[in-house]
Amino acid sequence: MPQNIDLRGRIAGQSAMAAVVEAQSRRATRGFVARLCGVSPLTKESRAQYRGAVGELLVGSILDRLGHSWDVLHGVPLGETSLDHFAVGRAGIFAVTVVNCQGDDVAVNGDELVVARAVSTAIVASRTAARAVARALTAALGHEVEVIPVLVMVEPVKVSLLAAPADVHVLTSTQLEQWLASAPEVFTGDEVATISTAAEAGTTWPHPQQAAQKSRNLTRAFVRIHHDVRAASLRSFLWIVVALIVTFLSVWVLVSVLARLVMSS
């Protein structure tokens, strides 16, 4: 029998944040020198989850400000995996998957997503998640529903669209809000309310997973890690600036000395 779960209590990026907090809890404390030099507090295991959590938080904040005519759920359980974000409004039902592309060039070629020259299966995963959501809602509502798969790329540097996927909408995080707001209406307000009620019921979803931690405690733990990561990045940047200044001054002094030697000979 499926477990019950409070989907309203879940926050954007909850699964990824829980993975980061769990991985970081097993890491030895950084020494003074490591902290001073700006060594990242993240383990190799937790870097991908951290990047994913940051992306989900950003997209979650965009969806949460869509307004009262929309209903948004985060971390909808789909068995072994979970859907990053679920959104339903008069424009339809949307299964939103997130890929954090901050600082990366991206190419879209059909079902192939290339992020910083690495091939990702995110487009296929987005389609699969949307189909799982459609099956679950169809069973819960008693009639077939269409769920639109959306893949959101968070802040890519450049996007090259070689060929659009057949049935997955690929957007950047800056395009998402306007795209949803301008989509044509297909549901009435009552239909949105009915779908929303079914979506928030834990029994709708296949083998839903319980939250690893309470949202408030998880957020506090992740914020501490996020603060440490930002502080480490700042220290690392400052050391790079110092190194560049020292290098420039060293070259300037060397050139000055050579110039004097040439002038005195």
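Which residues of the largest nonpolar core touch the most other members? In this predicted model, local features require pLDDT of at least 70 and side-chain atom pairs count only at pLDDT 80 or more, whereas totals for chains, interfaces and linings use all residues. Residues are numbered from 1 along each chain as its sequence is written, and side-chain values use heavy atoms, with hydrogens and water left out.

The core in question has 25 residues, of which F86, I93, V133, L137, V147 and W205 touch the most other members; a nonpolar core is here a set of buried Ala, Val, Leu, Ile, Met, Phe, Trp, Tyr and Cys residues joined through side-chain atoms within 4.5 Å, and buried denotes under 20% relative accessible area, as against over 50% for exposed and values in between for partly exposed (1.4 Å probe, protein chains only). At least two residues of this core come from each of β1, β2, β3, α4 (122-141) and α6, the elements being DSSP runs numbered from the N terminus (helices H or I, at least four residues; strands E, at least two). The most is given by α4, with eight residues. A second, separate core of 18 residues includes I62, W70, F94 and V98.

The strands β1-β2-β3-β7-β9 form, in that order, an open sheet with mixed pairing, where two strands pair if DSSP finds at least two bridges between them. Its edge strands, each pairing on one side only, are β1 (71-78) and β9 (169-172), and the twist from one strand to the next averages 30 degrees. Strand β1 is joined to β2 by seven bridges in an antiparallel arrangement, with L73 opposite F86 in β2; the two strands form a hairpin with two residues between them, and G79 in the turn has a positive phi of about 90 degrees. Because eight of the eight residues of β1 are buried, this strand is largely enclosed by the rest of the structure. Five bridges link β2 (residues 81-89) and β3 (residues 92-100), which are likewise antiparallel, and G89 stands opposite G92 in β3.

Helix α1 (residues 14-25) packs against helix α3 (residues 44-64) at an angle of about 150 degrees, their axes lying 8 Å apart; axes are lines fitted to C-alpha atoms, for helices over the stretch in contact, and angles run from 0 to 180 degrees between N-to-C directions. The two helices are therefore roughly antiparallel to each other, a term that applies to angles over 145 degrees.

Methods: Parallel < 35°, antiparallel > 145°, perpendicular 65-115°, else oblique.
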